[in-house]
Amino acid sequence: MSGKSKKVKGTKQTLEYVETEFKLHTKRLKCKNERQKELIDQIDSKPIIFSAGFAGTGKTTIALYAALRAIERGEYQKLVLVKSVQPIRNQDLGFMPGPEGSKISPFMESFRIILDDLLGEEQRQLAEKEGIIIYKSPTFFRGITIKDAIVIVDEAQQFDDYLLTTIVSRLGETSKMIFLGDDLQTDVQRRESAFKKWLEIFQDDEKIGSVRF
């Protein structure tokens, strides 16, 4: 790649530089079972996907992998990662001091661990800096529309009908949304958790994906 010259202001010096465009390079991952392959197929073909399974099934890793590959292929511009964030002492996060990123950062560590395996820590940090990887809390979802993005909502079993509806309604043009959760483990009252209900409603839907591990 040939360099370009740029004059340094206030001097006669020129600086040679190379224009680069940051692109993701995801470590290739091999599926361990048919359910993982099915989840990738559903993510590649459906605009909204629900996937349920207990910890250790690999659903979050597979979803992140499929999402990163889709961004590599140029199908989406960014990856938005959403997770249930339990308020401290029953305080809404919006009333805690500091910007959104600092409020939710500790809760997003499980995403970062997997991303570091798939991308490497340095590439993950660059992707965050470039705005390719974005972390959001449902608390800050109202009033926004997500476009040209693939969205992963983890621990969706913590959400009631209102929150799930709020999140789905934020999905804009050319975007995709993946809901992940364990419907057997929830911190909210089971009758209030909407994830299992939505999973069963769309189980045989042709337009919406549903995968149970």
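**A parallel sheet, its edge and a helix pair**

Strands S6 (residues 149-154) and S7 (residues 176-181) run parallel and are joined by four bridges; strands here are DSSP runs of E with at least two residues, helices are runs of H or I with at least four, and both are numbered from the N terminus. Val-153 has Phe-179 as its bridge partner in S7. The model is a predicted one, where local features need pLDDT of at least 70 and side-chain atom pairs count only at pLDDT 80 or more, while totals for chains, interfaces and linings use all residues. Residues are numbered from 1 along each chain as its sequence is written, and side-chain values use heavy atoms, with hydrogens and water left out.

Zooming out, six strands make up an open sheet with parallel pairing, in the order S5-S4-S6-S7-S3-S8 (two strands pair if DSSP finds at least two bridges between them). S5 (133-136) and S8 sit at the edges, each pairing on one side only.

Ser-210 is buried, at 15% relative accessible area (buried means under 20%, exposed over 50% and partly exposed in between, with a 1.4 Å probe and protein chains only). Leaving aside residues up to four places away in sequence, Ser-210 touches Glu-38, Gln-42, Phe-50, Leu-199, Phe-202 and Gln-203, contact meaning heavy atoms within 4.5 Å.

Then there are helices H4 and H5. Arg-112, Leu-115, Asp-116 and Leu-119 of H4 meet Glu-121, Gln-123, Arg-124 and Glu-128 of H5.
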